[in-house]
Amino acid sequence: MMTALLHIEKLVAGYGEARVLSHIDLTVEAGRSLALLGRNGAGKTTLVDTIAGVTTHHAGAIHFDGCDIARLRPEQRAPHGIGWVPQERNIFPSLTVEENLTATARPGPWSLERAYQMFPRLKERRRNMGNQLSGGEQQMLAVARALMLNPKLLLLDEPLEGLAPIIVDELLAALRRIVRDEGMSAIIIEQKARKILPLTDEAVVLDRGAVSYQGTSQALLDDPERLEGLLSVS
Ligand SMILES: Nc1ncnc2c1ncn2[C@@H]1O[C@H](COP(=O)(O)OP(=O)(O)OP(=O)(O)O)[C@@H](O)[C@H]1O
């Protein structure tokens, strides 16, 4: 039997006493990508942050690559193969682009050279400091830095948010190559469903902390009315 890369069962999590996620079941197979969708406040960030280990875990299992990681501290999860890019990006402002990339790198196929191939802009800016970058460059740096952790699973929290349309297209092209051509497993939170669904294999929609849709991205693209219904404010 093939075991899933990530298998979440009956997960209940939140912040302190507050329970935001209730009985979430979710599976990501190796080499598959998942779009995580839902209205504002549905719990998308809370779910990704729970996989990264920075929320309060109340109940349920998080199996990752054969281990139960639910009780591990965040810094213990990265070595297991979780590459997390939070919404805030957390670029080191007083390190150069290249130092940002190499500071946390782990051995594996994603080298500095390959990161620069994926994001040529970063190579041009490699001697710039983290705080001298545009929002788009910062996001590219955050994704490239996560790749250089050589993770088994990438967690991207709204990578397109606040970026100019031309940068959105550039980043989407890179993400497409990362998940489609390179076969990287990923969970990508996105508000703009129609932008991200063409890249991803599966989709999960959250509503008030529970899963309201789980299926293929293509099925949602093929059924705009359903997609609209799942994401519109009721
Ligand atoms: N630090 C926190 N402490 C307490 N409650 C929080 C905290 N962060 C978020 N919440 C609550 O958890 C719920 C889910 O928020 P979350 O950020 O996960 O949603 P989201 O789907 O990512 O929304 P958005 O698209 O707005 O980022 C919301 O009701 C929010 O108010």
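**Close-up 1. Residues around the ligand, sorted by class.** In this predicted model, the shell around the ligand consists of four nonpolar, six polar and one charged residues. Its members are Tyr 15, Ala 18, Val 20, Gly 38, Asn 40, Gly 41, Ala 42, Gly 43, Lys 44, Thr 45 and Thr 46. Two elements, β2 and α1, each supply two or more residues to this shell. The most come from α1, which gives three.

Close-up 2. Helix α1 covers residues 44-52 and lies across β1 (6-15), β2 and β4. Relative to β2, the helix runs at about 70 degrees. Is α1 mostly covered or mostly open? Seven of its nine residues are buried, so the helix is mostly covered. The buried residues are Lys 44, Thr 46, Leu 47, Val 48, Asp 49, Thr 50 and Ile 51. Just after the helix comes Gly 53, with a positive phi of about 100 degrees.

**Close-up 3. The open antiparallel sheet.** Four strands form an open sheet in the order β2-β1-β4-β5, and their pairing is antiparallel. Strands β2 (18-28) and β5 (67-68) are the edges, each pairing on one side only. Two bridges connect β5 with β4, which spans residues 56-64; this pair is antiparallel. Within this pairing, His 63 has Asp 68 of β5 as its bridge partner.

Close-up 4. Strand β8 is made up of residues 185-189. Why is β8 described as largely enclosed by the rest of the structure? Five of its five residues are buried, so the remainder of the structure largely encloses the strand. Both of its faces are covered, with buried Ser 185, Ile 187 and Ile 189 on one side and buried Ala 186 and Ile 188 on the other. Strand β3 (residues 33-38) pairs with β8 in the parallel sense through four bridges, and Ser 33 stands opposite Ala 186. Strand β7 (residues 153-157) also runs parallel to β8, and five bridges join them. Leu 156 has Ile 188 of β8 as its bridge partner. Between β7 and β8 the chain passes through helix α7 (residues 165-181), making a right-handed β-α-β crossover.

**Close-up 5. Ala 174 in helix α7.** Ala 174 belongs to helix α7. Which residues does Ala 174 touch, leaving aside those up to four places away in sequence? The contacts are Met 118 and Phe 119. Within 10 Å of Ala 174 there are 19 other C-beta atoms, so this residue counts as partly exposed; a buried residue would need 20 or more. Asp 25 is 149 residues from Ala 174 in sequence, and their C-alpha atoms are 29 Å apart in space.

**Close-up 6. Two loop residues with positive phi.** Asn 150 sits in the loop between α6 (135-147) and β7. Its phi is positive, near 50 degrees, and the residue is not a glycine. Asn 150 has 15 C-beta neighbours inside 10 Å and therefore counts as partly exposed. Arg 208 lies in the loop that separates β9 (202-207) from β10 (210-216). Although Arg 208 is not a glycine, its phi is positive, at about 45 degrees. Arg 208 is partly exposed because 13 other C-beta atoms lie within 10 Å.

How values were computed: Residues numbered from 1 in each chain as written. Predicted model: local features only at pLDDT ≥ 70, side-chain atom pairs only at ≥ 80, totals over all residues. Pairing = 2+ DSSP bridges. Contact = placed C-beta atoms within 7 Å. Axes fitted to C-alpha atoms, helices over the stretch in contact; angles between N-to-C directions. Near = placed C-beta within 6 Å. Nonpolar A, V, L, I, M, F, W, Y, C, P; charged D, E, K, R; others polar. Buried ≥ 20, exposed ≤ 12 C-beta atoms within 10 Å, placed from the backbone. Right-handed = clockwise from strand over helix to strand, strands pointing away.
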